[in-house]
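This briefing collects computed features of a single protein model. The sequence and the structure come first, and the notes follow by topic.

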Amino acid sequence: MVTPDKDMNNTSTAYPKLAVEFCGIPMKNPIVAASGTFGFGLEYAGYLDLSHDVGAISVKGLTPEPRHGNKGTRIAETASGVLNCIGLENPGAETFVRDTLPVLKTYDVPILANISSADVDGYGYMAETLSVDGIAGFEVNISCPNVKNGGMAFGVQAESAAEVCRMVKAHTDLPVIMKLSPNVTNIVEIAKAVEDAGADGISMINTLLGMAIDVRTRRPILGNLYGGLSGPAVKPVALRLVHQVAQAVSIPIMGMGGIMTGTDAVEFMLAGADIVSVGTATMVDPTAIARIAKEMNEYAEAEELTHISDIVGGLRI
Ligand SMILES: Cc1cc2nc3c(=O)[nH]c(=O)nc-3n(C[C@H](O)[C@H](O)[C@H](O)COP(=O)(O)O)c2cc1C
């Protein structure tokens with residue numbers, strides 16, 4: 001792990017036109033480091049000034065108990081994207097709070113706890129355990145399997161998605177952002193259900209289910225057979241889904257899926273996202289978030305915007 005460089009701590013706002021508030025959380029820019037591609041943030045402290053360059057950090061998905069993740073190959077490169085089946089490897093919520101959060105909270109950047117559980121009660125436990133000093137809000141991953149419902153992901157049915165949302169809301173006063181799965185028939189129905197259940201915001205999209213095959217061995221490349229697709233390949237799908245959800249709900253949206261440049265981020269905001277999140281891009285370039293912020297600011301200047309938020313939902317049809 002890279003040792004954090006305390007001299008990089010800096011509370012100034014580099015781009016005043018990019019400073020935003022999302023679900024009551026003040027951010028220096030509208031870019032959240034996506035869950036699962038940014039570790040716990042500290043891993044990137046040698047590449048970025050966490051207190052300055054990053055709007056917020058959604059930490060690697062946490063679960064009630066430590067998890068080793070899936071066996072076998074966990075990452076496969078695809079045309080314009082990445083397939084992963086990490087299997088939520090993490091040290092568990094309590095270890096994170098005890099060992100990692102004390103270091104992480106010395107940086108001046110909001111931390112979102114990305115949480116998952118195999119059952120609904122576990123989400124309540126996660127919300128309670130992580131409602132501590134240093135956590136600014138929750139990003140609730142509902143793309144994981146519900147063991148009490150034959151392994152079907154919570155996020156594929158409106159009722160189970162809403163049930164998880166109500167459980168988390170009942171156990172925290174912090175903002176609750178529900179992270180939607182794109183692997184559904186009607187994402188708008190699920191977005192409305194979590195809004196009705198009290199969600200403060202929505203983040204979308206999680207990865208699209210896919211697979212890769214090795215023709216020589218005739219076996220699947222990923223140890224878990226299927227994996228989640230992310231990166232530029234998913235961007236058009238993510239944009240369409242963000243646009244559809246933005247028409248249907250009044251809570252704010254964090255848009256993501258294949259954002260590699262400032263232009264990509266602006267497209268998501270025009271489609272209706274209030275802020276964005278960047279994942280796979282940081283696997284290609286660990287400084288991607290700082291570059292994307294700079295490019296967004298250049299766009300704001302070139303378009304003579306008072307503030308980057310002026311373009312949210314500004315798609316002309
Ligand atoms: C290696 C990897 C691990 C991920 N782990 C998580 C996770 O733990 N929790 C979660 O909600 N999303 C997870 N995601 C999904 C990302 O946060 C994001 O929603 C998705 O990758 C789309 O954005 P991108 O194309 O910018 O990567 C993961 C993605 C990747 C590539």
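Gly-257 is found in the loop that runs between strand E17 (253-256) and helix H7 (262-271), where helices (H or I, at least four residues) and strands (E, at least two) are DSSP runs numbered from the N terminus. The model is a predicted one, in which local features need pLDDT of at least 70 and side-chain atom pairs count only at pLDDT 80 or more, while totals for chains, interfaces and linings use all residues. Residues are numbered from 1 along each chain as its sequence is written, and side-chain values use heavy atoms, with hydrogens and water left out.

- Gly-257 counts as buried because its relative accessibility is 11%; buried means under 20% relative accessible area, exposed over 50%, and partly exposed in between, with a 1.4 Å probe and protein chains only.
- Not counting residues up to four places away in sequence, Gly-257 touches Gly-231, Val-234, Lys-235, Ala-238 and Phe-268, contact being defined as heavy atoms within 4.5 Å.

**Positions annotated in UniProt**

- An unreviewed UniProt entry places the feature "binding site" at Ser-35, Lys-60, Gly-61, Asn-114, Asn-141, Lys-179, Ile-205, Gly-231, Gly-257, Gly-258, Gly-279 and Thr-280; the positions are given in the numbering used here, feature names are shortened, and annotations may be inferred rather than shown by experiment.
- Gly-279, one of the positions in that record, is found in the loop between strand E18 (275-278) and helix H8 (280-284).
- With a relative accessibility of 12%, Gly-279 counts as buried, and, apart from residues up to four places away in sequence, Gly-279 touches Ala-34 and Thr-37.
- Ile-205, also included in the record, lies in the loop between strand E12 (201-204) and strand E13 (208-211), and a cis peptide bond with an omega of about 10° joins Met-204 and Ile-205.

**Helix H7**

- Helix H7 is mostly covered, seven of its ten residues being buried, and these are Gly-262, Asp-264, Ala-265, Val-266, Phe-268, Met-269 and Ala-271.
- The cover over the buried residues of H7 includes helix H6 (235-248), E17, E18 and helix H9 (288-302).
- Phe-268, one of the buried residues of H7, is also among the residues that Gly-257 touches.
- Just after H7, Gly-272 takes a positive phi of about 125°.

- Leu-88 has a positive phi of about 55° although it is not a glycine, and its place is in the loop between strand E6 (81-84) and H2.
- Leu-88 is buried, with a relative accessible area of 16%.
- Leu-225 likewise has a positive phi, of about 70°, although it is not a glycine, and Leu-225 is found in the loop between strand E15 (219-220) and strand E16 (226-230).
- Leu-225 is partly exposed, with a relative accessible area of 34%.

**Two further helix residues**

- Ser-160 lies in helix H4 (residues 158-170) and counts as buried at 9% relative accessibility.
- When neighbours within four places in sequence are left aside, Ser-160 is in contact with Ala-153 and Phe-154.
- Glu-94 is found in helix H2 (residues 93-104), and, with neighbours within four places in sequence left aside, Glu-94 is in contact with Tyr-125 and Thr-129.
- Glu-94 and Ser-250 are 156 residues apart in sequence and 34 Å apart in space, C-alpha to C-alpha.

**The protein as a whole**

- The secondary structure of the protein comes to nine helices and 18 strands.
- The radius of gyration is 18 Å, close to the 20 Å that the globule rule gives for 317 residues, so the protein is as compact as a globular protein of that length; the radius is taken over C-alpha atoms, and the rule is 2.2 Å times the number of residues to the power 0.38.
- Along its principal axes the C-alpha trace spans about 50 × 50 × 45 Å.
- Of the 317 residues, 52% count as buried, and residues 24 or more positions apart account for 70% of the contacts with a separation of 6 or more.
- The accessible surface comes to about 13,600 Å², of which 51% belongs to carbon and sulfur atoms; accessible areas come from the Shrake-Rupley method with a 1.4 Å probe, and for residues only the protein chains shown count as cover.
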